[in-house]
Amino acid sequence: MHHIDVSRVLRGAVCELYSNLVTRPTGAAVRTAIEALLAERNPPTITTIDFSHVNLLDFSCADEIVAKLLLSHVDADVHDRYVCFRGMREDHLDAVEAVLEHRALALVWDRDGWPELLGRVDADERRHWDAVRSGGPVWAPTVARTLGNTAADAEARLTQLWRRRLLMRQDNGFVVPRGVGGVAA
Amino acid sequence: MTTVINIPPSLDEQSFEHVIEQLAPLPPDQKVLFDARHARWSSPFGLTALLCAAQSRTERATFAVPEHPDTVSYWARTGFFRHAAELFELHGHVPRPREGHDSDVLLEITPVTQSDDVHTVVGRIQQKAADILHGQLHLETAATMGFGMTLSEACQNIVEHAGQGGWVAVQTYSFRRRLGRRVVVIAVCDAGVGFRQSLESSPGHTRDDRWGDGRALESAVVHAVSRFRHGDAGRGQGLAGIRRYVSRWDGKLSVRSGTARIALVPSWDEDEPMRERLPAFPGAQVQIMIPERLAGDPAPAARSRGSERAGERSDGRSK
């Protein structure tokens, strides 16, 4: 598990004096720097993208950093890379939620030490994700029994969530990716 | 021959239309004199739009400064004359701005040309915005951070779409005429290409018989269409975010571009949502107005997100 402090990346990649994530060029520069850090690590990886020290995050930066980072993971051939998010305040969430909704994306974020989903997920996806969070690691038949549907349906839903990088598939079943609150990377 | 453009005694977004009506018929190289001698007050929109009016002239215009000492002093404190001196030939006495800033001026008139300017604007306003929005206008802390985001996105419209620099200013003032409350106002004005031409430059743009400045504004402000959408589906969210912020805090957003003007009109105002076939003025002029909150006002709509509902997590754990 790895940890990336976004404000540190901002100061290193764009300007030492900046504490606000505003403008598209800034967001693109920060995302590029984060992608370079991620590329240094061999999968399987779970990386926590930490916004704790970010002051202001506008929609343009939320789109450039969060949405495009998620898109690159969803589209990737290597499926064993996961990112989750932490340190997002209410006003950060306004911007992040807007761009996730716009692009039909979702993410896992650490809310006071507890994983939550944010973004576009339908009710059925959410029920399956909740079942894994509560009981994981868990395979589809167990989730199906919990939710009262067929194992095939559960398998399809869980696989869909895995492809969206909202669940991990491990040797012992599906599990919610959990981040770290570490100090630096 | 010089044509005199009369500046209304009270210059705001509405009365600036009288300035445009006088300017629109004139060729850009016509020598003009902006006569502000009898002006007594201006909103940040009026002052930034005046600078844009000067930008739109190929022949350097003359500007007769307000005669009233309070007016000229206040305009000096907003930074107006510092920028106007570069664009106009100033006639009249311009006082040196006093040291120490006016408490009503959250952000002096500031040029916006490139992305770094947006960082400067947002960084400069943050602490003062928090003090005034929360302390004086009684807005919640969430409104302060959203204010910075809104300011950032409004300024980025200039950088990404105008094709030339523009101006931003933020002030608070008492808006007694319509509302009877204090308001905070962001004005972001440029004399660039405007929304219609910006959208027409998109590779995916198609036009029909109804296409014009009004449709362009509707596309950008209401439907979040951006000229960059063809290659990047995430574009166009800035104005949508501004719209959400303004709506959440019962504010007003208006955007004028070319010959049209669109407004998101709150219940306390009686403006027209769309006006077309106005006299032409280049670029885009944006005004965002957020009113003071008073005791007894309904709380802004709470946002439910993710799996949380009614104060509970989806796993049943209380927050």
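**Note on the predicted model: chain A, the cores and some backbone details**

1. Of the 185 residues of chain A, 55% count as buried. The model is predicted. The accessible surface of chain A is about 7300 Å², and carbon and sulfur atoms hold 51% of that area.

2. Overall dimensions come next. For 185 residues, a compact globule would have a radius of gyration near 16 Å; chain A agrees, because its own value is 16 Å. Along the principal axes, the C-alpha atoms of chain A fill a box of roughly 55 × 30 × 30 Å.

3. Chain A has seven helices and seven strands. Read from the N terminus, the order is β-α-α-β-α-β-α-β-β-α-α-α-β-β. Take the contacts in chain A with a separation of 6 or more: 68% of them are between residues 24 or more positions apart.

4. Charges in chain A number 22 positive and 26 negative.

5. The largest nonpolar core has 83 residues. Leu21(A), Phe51(A), Phe85(A), Leu107(A) and Phe147(B) touch the most other members. The top contributor to this core is helix H6 (residues 141–162) of chain B, with nine residues. Another core, of 40 residues, lies apart from it; Leu11(B), Leu51(B), Leu87(B) and Phe88(B) are among its members. In soluble globular proteins, nonpolar side chains tend to be buried together.

6. Leaving out residues up to four places away in sequence, Leu107(A) touches Val66(A), Leu70(A), Phe85(A), Met88(A), Val96(A), Leu100(A), Glu116(A), Leu117(A), Leu118(A) and Leu166(A).

7. Now the backbone. Most residues other than glycine have a negative phi, and most peptide bonds are trans. Gly136(A) and Pro137(A) are joined by a cis peptide bond, with omega about 0 degrees. Pro137(A) sits in the loop between helix H5 (123–135) and helix H6 (140–147) of chain A.

8. Arg165(A) is not a glycine, yet its phi is positive, near 65 degrees. Its place is the loop between helix H7 (151–163) and strand S6 (168–170) of chain A. Is Arg165(A) buried or exposed? Arg165(A) counts as buried, because its relative accessibility is 4% and the cut-off for buried is under 20%.

9. Arg277(B), also no glycine, has a positive phi of about 55 degrees. This residue is in the loop between strand S12 (274–275) and strand S13 (281–291) of chain B. Arg277(B) is exposed, because its relative accessible area is 76% and exposed means over 50%.

Key:
Residues are numbered from 1 along each chain as its sequence is written. Chains are lettered from A and ligands numbered from 1 in the order in which they are written. This is a predicted model: local features need pLDDT of at least 70, side-chain atom pairs count only at pLDDT 80 or more; totals for chains, interfaces and linings use all residues. Side-chain values use heavy atoms; hydrogens and water are left out. Helices (H or I, at least four residues) and strands (E, at least two) are DSSP runs, numbered from the N terminus. The radius of gyration is taken over C-alpha atoms; the globule rule is 2.2 Å times the number of residues to the power 0.38. Buried means under 20% relative accessible area, exposed over 50%, partly exposed in between (1.4 Å probe, protein chains only). Contact means heavy atoms within 4.5 Å. Accessible areas come from the Shrake-Rupley method with a 1.4 Å probe; for residues, only the protein chains shown count as cover. Lys and Arg count as positive and Asp and Glu as negative; His and the chain ends are not counted. The place of a charge is taken as NZ of Lys, CZ of Arg, CG of Asp or CD of Glu. A nonpolar core is a set of buried Ala, Val, Leu, Ile, Met, Phe, Trp, Tyr and Cys residues joined through side-chain atoms within 4.5 Å.
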